[in-house]
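Q: Hi! I have just opened this one and could use a hand finding my way around. Could we go through it together?

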Amino acid sequence: MKHSLLILIYFIYGNSVFAAMNHNGMIMDAAGMIMNHNPDKLPKDCKAISQDIDITIRGGHKFAQGFAGKMFTYDKRDWQAPPCARINVTFINEDAIRHQFMIHGLPGYMYPKGMFTIELYGKGQKTGSFIVPSRDYTYYIHCEVSQHTEKGMKGQLKVGKGSGDLDSILGLTAPLTPDIYPIHNNKYTWIALIVSLTIGIYLINYLGMKIMTLLTRQPDSK
Ligand SMILES: [Cu+2]
């Protein structure tokens with residue numbers, strides 16, 4: 001009887017204790033989640049953590065203002081770290097919609113699918129860490145929510161010398177597939193242009209004459 005009461009208490013209160021879960025580098029609560037959080041496990045090729053690099057990265061639609069045709073991005077899109085650094089990322093979502101800081105290319109034996117992710121379901125912030133290996137490499141950062149990458153939410157982290165720049169990073173590199181909206185002029189375009197110009201010139205002349213007549217009319221002498 002005493003035991004079953006204890007079990008009941010465990011089930012009632014236990015759930016709230018586990019509302020914020022943390023196992024195998026996965027931390028989640030009502031605000032969002034961190035996947036593959038790793039503050040201490042070293043990659044095989046690193047003897048020690050070389051340096052702590054603190055990154056604060058903001059995401060939101062307001063940072064994409066000034067980039068034609070883009071909708072979302074990060075406040076900064078190009079990062080640098082030395083080999084074997086521990087990167088402590090504070091991701092701040094300034095929008096009321098879901099955004100992610102997702103980095104690819106990390107060693108698969110430590111980070112499932114080679115990823116570290118911070119996801120926020122709306123406005124808020126979270127901090128998580130990952131340790132990079134020693135190789136010179138450029139890591140791809142993006143928000144995986146549908147269309148957010150294409151709409152500007154993409155960046156890069158260069159470890160060591162990096163391995164070149166990625167394409168389509170706003171303000172940094174040219175888009176891989178530029179948005180071009182070609183105008184196809186044909187003979188009707190030119191006819192429409194000539195007709196519009198002729199009508200325009202006629203109207204300007206006509207209105208000009210009317211105005212001149214009104215201005216130069218003598219007031220009635222009576
Ligand atoms: Cu997003």
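Q: Which residue in β9 is the bridge partner of M35?
A: That would be T117. Strand β3 (residues 32-35) and strand β9 (residues 116-120) pair in the antiparallel sense over four bridges. Strands here are DSSP runs of E with at least two residues, helices are runs of H or I with at least four, and both are numbered from the N terminus. Two strands count as paired if DSSP finds at least two bridges between them.

Q: Good. Before I go on, what kind of model is this?
A: A predicted one, where local features need pLDDT of at least 70, side-chain atom pairs count only at pLDDT 80 or more, and totals for chains, interfaces and linings use all residues. Residues are numbered from 1 along each chain as its sequence is written.

Q: Back to strands: how many bridges join β2 to β3?
A: Two, and these strands run antiparallel, with β2 covering residues 26-28. M28 has M33 as its bridge partner in β3. A hairpin of three residues links β2 to β3.

Q: And how many helices and strands does the protein have?
A: Two helices and 12 strands. The order from the N terminus is α-β-β-β-β-β-β-β-β-β-β-β-β-α.

Q: New topic: which residues have the most contacts inside the largest nonpolar core?
A: I103, F130 and V132, in a core of 29 residues. β7 (86-93) is among the strands that supply at least two residues of this core, as are β3 and β9. β7 gives the most, with four residues. A nonpolar core means a set of buried Ala, Val, Leu, Ile, Met, Phe, Trp, Tyr and Cys residues joined through C-beta atoms within 7 Å.

Q: What is I103 in contact with, leaving aside neighbours within four places in sequence?
A: M115, F116, Y139, I141 and L157. Contact means that the C-beta atoms, placed from the backbone, lie within 7 Å.

Q: Now N36: is it buried or exposed?
A: N36 is buried, with 21 other C-beta atoms within 10 Å. Buried means 20 or more such atoms within 10 Å of a residue's own, exposed means 12 or fewer, and partly exposed is in between, with C-beta atoms placed from the backbone. N36 sits in the loop between β3 and β4 (52-60), and its phi is near 65°, a positive value in a residue other than glycine. Most residues other than glycine have a negative phi.

Q: And where is S168?
A: In the loop between β12 (154-159) and α2 (187-216). Phi of S168 is also positive, near 60°, but S168 is partly exposed, with 16 other C-beta atoms within 10 Å.

Terms used
Contact = placed C-beta atoms within 7 Å.
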